[in-house]
Amino acid sequence: MRLALVLLLVALVAVGGLWLWAGRAAHRPGSLAWRAVDRDLAARFADVPTTTTAALAAHLADSTVAPVLLDARTEAEYAVSHLPGAHRVDPDASAAELADALDGIDRQRSVVVYCSVGVRSGAVARRLQSAGFEHVENLAGSIFRWANEGRPLVRDGHPVEEVHPYDAVWGRLLDPGRRAGGSE
């Protein structure tokens, strides 16, 4: 009986240590956490094209006609930081509301949508497709991956490095030095 309790305690400590280590490493490229997120998004939004952070950065740097960047996060998240030139849209907006918000934008123009990791932006991208926008892509890894790679972010037009972590669980996908509020 005593041996069983000791083994149980050792197992709990080992699992707890592994959980803490995995949580600290979750933000790293190729981590188990990021692979799981990427697989889930690919399955959930198989009908929504994606673009990588590297491809978007190259397109923004080399293009005379940059894509329309849409941030599908809350006002509070957007206020902390966003990609330069991004416009915030309500992540819960209907296809008709999104079309109204983008009135005057050519529906043939390239649109890239992002959120924290890609769930809300995938849903927004799908609704934009149903509203007739033909070249819509979800940013793989969204702003978390963009920030983890050290790519530019702004707040009120000024460069910043921190991102709103969404919550304590999803925020583990952000490099701890990039989490607004210094949360670990």
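Biologist: Over how many bridges do strand β4 and strand β5 pair?

Modeller: This is a predicted model, in which local features need pLDDT of at least 70 and side-chain atom pairs count only at pLDDT 80 or more, while totals for chains, interfaces and linings use all residues. Residues are numbered from 1 along each chain as its sequence is written, and side-chain values use heavy atoms, with hydrogens and water left out. Helices (H or I, at least four residues) and strands (E, at least two) are DSSP runs numbered from the N terminus, and two strands pair if DSSP finds at least two bridges between them. Strand β4 (residues 110–114) and strand β5 (residues 135–139) pair in the parallel sense, and the count is four bridges.

Biologist: Which helix packs on the sheet and touches β2, β4 and β5?

Modeller: The direction of this helix makes about 150° with that of β4; axes are lines fitted to C-alpha atoms, for helices over the stretch in contact, and angles run from 0 to 180 degrees between N-to-C directions. Contact here means heavy atoms within 4.5 Å. The helix spans residues 119–130 and is α6.

Biologist: Which strands stand at the edges of the sheet?

Modeller: The sheet is open, with five strands in parallel pairing and the order β1-β5-β4-β2-β3. Each edge strand has a single partner, so one side of each is left without a neighbour in the sheet; these strands are β1 (50–51) and β3 (87–88).

Biologist: Is His-82 buried or exposed?

Modeller: His-82 lies in the loop between α4 (75–80) and β3. Beyond its neighbours within four places in sequence, His-82 has contacts that include Asp-71, Tyr-114 and Leu-153. Because the relative accessibility of His-82 is 10%, and the cut-offs are under 20% relative accessible area for buried, over 50% for exposed and partly exposed in between (1.4 Å probe, protein chains only), His-82 counts as buried.

Biologist: Which residue supplies the backbone oxygen that the side chain of His-82 reaches?

Modeller: A polar contact is a pair of N or O atoms within 3.5 Å; within protein, one must be able to donate a hydrogen and the other to accept it, and residues adjacent in sequence count only if both atoms are side-chain atoms. The side chain of His-82 makes its approach at 3.1 Å, and the oxygen belongs to Tyr-78.

Biologist: What is the relative accessible area of Ser-116?

Modeller: Ser-116 is found in the loop between β4 and α6. Leaving aside neighbours within four places in sequence, its contacts include Glu-77, Gly-141 and Tyr-166. Ser-116 is buried, and its relative accessible area is 4%.
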